[in-house]
Amino acid sequence: QVQLVESGGGLVQEGGSLRLSCAASGRTSGTYFMAWFRQAPGKEREFVAATIWSGTSGYFADSVKGRFSISRDNAKNTVYLQMNSLKPEDTAVYYCAAKGSTSAIYNVWGQGTQVTVSS
């Protein structure tokens with residue numbers, strides 16, 4: 001089983017930047033996709049970004065394209081979400097998630113990290 005631990009959340013002013021980290025441990029060999037989701041108060045959880053563990057492609061929600069980037073450090077089993085030009089509407093709990101190549105859904109989740117953007 002894979003375990004995910006997020007870090008790097010916090011309070012930032014509008015226009016600022018934060019970098020979230022997601023450290024994976026356990027049986028990571030079968031991990032194929034790593035992704036970030038977020039959930040704002042009163043809203044459903046939504047997709048933010050994803051990357052293939054062994055590739056270089058990144059996938060982004062339209063709301064964050066051009067502002068967020070996703071990267072990996074395979075040696076550290078860590079995925080990063082760099083968030084620039086933050087807006088108050090980016091305020092949410094951000095979750096890291098993982099799934100294997102044969103899984104239709106993300107079935108491993110971290111505990112989440114709070115990101116608050118003040119105007």
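Asn77 sits in the loop between strand E7 (68–73) and E8. Strands here, like helices, are DSSP runs numbered from the N terminus (H or I, at least four residues, for helices; E, at least two, for strands). The model is predicted, so local features need pLDDT of at least 70 and side-chain atom pairs count only at pLDDT 80 or more, while totals for chains, interfaces and linings use all residues. Residues are numbered from 1 along each chain as its sequence is written, and side-chain values use heavy atoms, with hydrogens and water left out.

The phi angle of Asn77 is near 50°, a positive value in a residue other than glycine. With a relative accessibility of 22%, Asn77 counts as partly exposed. Ser85 belongs to the loop between E8 and E9. Its relative accessible area is 40%, so Ser85 is partly exposed.

Pro88 is found in the loop between strand E8 (78–83) and E9. At 28% relative accessibility, Pro88 is partly exposed. Contact is taken as heavy atoms within 4.5 Å. Setting aside neighbours within four places in sequence, Pro88 is in contact with Glu14, Val117 and Ser119. Gly26 is 62 residues from Pro88 along the chain, and the two C-alpha atoms are separated by 35 Å.

The overall architecture was examined next. The chain has 11 strands and 0 helices. In sequence order the pattern reads β-β-β-β-β-β-β-β-β-β-β. The radius of gyration is 13 Å, close to the 14 Å that the globule rule gives for 119 residues, so the chain is as compact as a globular protein of that length. The radius is taken over C-alpha atoms, and the globule rule is 2.2 Å times the number of residues to the power 0.38. Along its principal axes, the C-alpha trace spans about 40 × 25 × 25 Å. Buried residues account for 46% of the 119 residues. Among contacts between residues at least 6 apart in sequence, 54% join residues at least 24 apart.

The surface and the charges were also computed. The chain exposes about 6200 Å², and carbon and sulfur atoms supply 47% of that area. Accessible areas come from the Shrake-Rupley method with a 1.4 Å probe; for residues, only the protein chains shown count as cover. There are 11 positive and 8 negative charges, and their mean positions are 7 Å apart. Lys and Arg count as positive and Asp and Glu as negative; His and the chain ends are not counted. Each charge is placed at NZ of Lys, CZ of Arg, CG of Asp or CD of Glu.

Strand E1 (residues 2–7) has alternating side chains. Val2, Leu4 and Glu6 point to one face and are buried. E1 runs antiparallel to E3, and 6 bridges join them. Strands are said to pair if DSSP finds at least two bridges between them. Gln3 stands opposite Ser25 in E3.

Strand E3 (residues 18–26) includes Ser21. Ser21 is buried, with a relative accessible area of 16%. Beyond residues up to four places away in sequence, Ser21 touches Val5, Glu6, Ser7, Trp36, Thr78, Val79 and Tyr80. The loop between E3 and strand E4 (31–39) holds Ser29. Ser29 is exposed, with a relative accessible area of 76%. The C-alpha atoms of Ser29 and Asn84 are separated by 31 Å, and these residues are 55 residues apart along the chain.

Strand E11 (residues 113–118) also has two faces. Thr113, Val115 and Val117 form the covered face, and Gln114, Thr116 and Ser118 the uncovered one. Strand E2 (residues 10–13) runs parallel to E11, joined by 4 bridges. Here Gln13 stands opposite Ser118. Strand E9 (residues 92–100) runs antiparallel to E11, with 3 bridges between them. In this pair, Ala92 stands opposite Val115. Val117, from the covered face of E11, is also one of the contacts of Pro88.

Notes. Buried < 20%, exposed > 50% of the residue type's maximum accessible area, 1.4 Å probe, protein only.
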